[in-house]
Amino acid sequence: MSALSLLYRREVALLWAGGGGPLLACGFALAVTAALPLAIGSEPVRLVPIAAGATWIVLALASLLSLERLFERDHEDGALDLLALGPLTLEAVFALKTAAQWTAVGLPLALAAPVAALSLGLEPALAPLTAGAAALAGLAFAAVGALAAALSLGSKRGGLLVAVIALPLYAPPVIFGAGAVTAAQEGTPVGPALALLAAYALFACALAPFAGAAAIRNAQG
């Protein structure tokens, strides 16, 4: 338990310190949201119908910003080799890095999501649903993004490869998360969309550590 706690705190500290951490992701999300009305017009009749979808697309893109260095930094300085020889399995190391990514980036983005959606004209009553769904989607983004980072480990253009791998896999949580908010806007049940979002997040969290650990072992040779 002490090894788990130490590694988790180390990863959270590195994510907060390196590359701006959550401030960079949240700043990017809010900046893109602020620029959107300038591109399509600030009339509510244009912004309100796309508020949910635009918010989730922005969250997906912001989640990519800190993924490139999630494993690459430790791979370059040899820390990943030491972690592989430590008391924790690579699957556990991957899971802890995913949890740290969600804590340091996913949760702050979930708090920024209602602000972004409200700025696009979303009803204030839907802010709690937006934040909750964004937190759940952030868990999926963290697991899938960490897997993409592990698969691109050691490549010369890791950041581009991470985006190429992760973005198609980000599509389901974007669809389900935006669908839940849209359903609430239209007065229809949000349960099915949230259930699908939760199922995808749990499936990603269950499968990604094993696939990611295999990718890390392959990169280590």
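Reader: How many aromatic pairs does the structure hold?

Author: The structure holds 2 aromatic pairs. Rings of Phe, Tyr and Trp (its six-membered ring) pair if their centres lie within 6.5 Å; planes under 30 degrees apart are stacked, over 60 edge-to-face, and the rest tilted. In phenylalanine 71 and phenylalanine 94 the ring centres are 5.6 Å apart and the planes stand at 15°, so this pair is stacked.

Reader: What should I know about the model before going on?

Author: This is a predicted model, where local features need pLDDT of at least 70, side-chain atom pairs count only at pLDDT 80 or more, and totals for chains, interfaces and linings use all residues. Residues are numbered from 1 along each chain as its sequence is written, and side-chain values use heavy atoms, with hydrogens and water left out.

Reader: Which helices hold phenylalanine 71 and phenylalanine 94?

Author: Helices are DSSP runs (H or I, at least four residues), numbered from the N terminus. Phenylalanine 71 sits in H5 (residues 69-77) and phenylalanine 94 in H7 (residues 90-119), so the pair ties together parts 23 residues apart in sequence.

Reader: Is phenylalanine 71 buried or exposed?

Author: Buried means under 20% relative accessible area, exposed over 50%, partly exposed in between (1.4 Å probe, protein chains only). Phenylalanine 71 is buried, at 0%. Phenylalanine 94 is buried too, at 0%.

Reader: Which residues form the tilted pair?

Author: Phenylalanine 141 and tyrosine 170, at 4.5 Å centre to centre and 45° between the planes. Phenylalanine 141 is in H8 (residues 127-151) and tyrosine 170 in H9 (residues 158-186), so this pair links parts 29 residues apart in sequence. Phenylalanine 141 is buried at 3%; tyrosine 170 is buried at 1%.

Reader: Which residues touch the most other members of the largest nonpolar core?

Author: A nonpolar core is a set of buried Ala, Val, Leu, Ile, Met, Phe, Trp, Tyr and Cys residues joined through side-chain atoms within 4.5 Å. The largest has 60 residues; Trp56, Phe71, Phe94, Leu109, Tyr170 and Ile216 touch the most other members. H8 gives the most to this core, with 13 residues.

Reader: How many residues of H4 are buried?

Author: 10 of 13, so H4 is largely enclosed by the rest of the structure. Among them are Trp56, Val58 and Leu59.

Reader: What span should H4 have?

Author: Expected span is 1.5 Å times one less than the number of residues. For H4 (residues 51-63) that gives 18 Å, and its end C-alpha atoms are 18 Å apart, which agrees.

Methods: Helix = DSSP H or I, 4+ residues; strand = E, 2+ residues; numbered from the N terminus.
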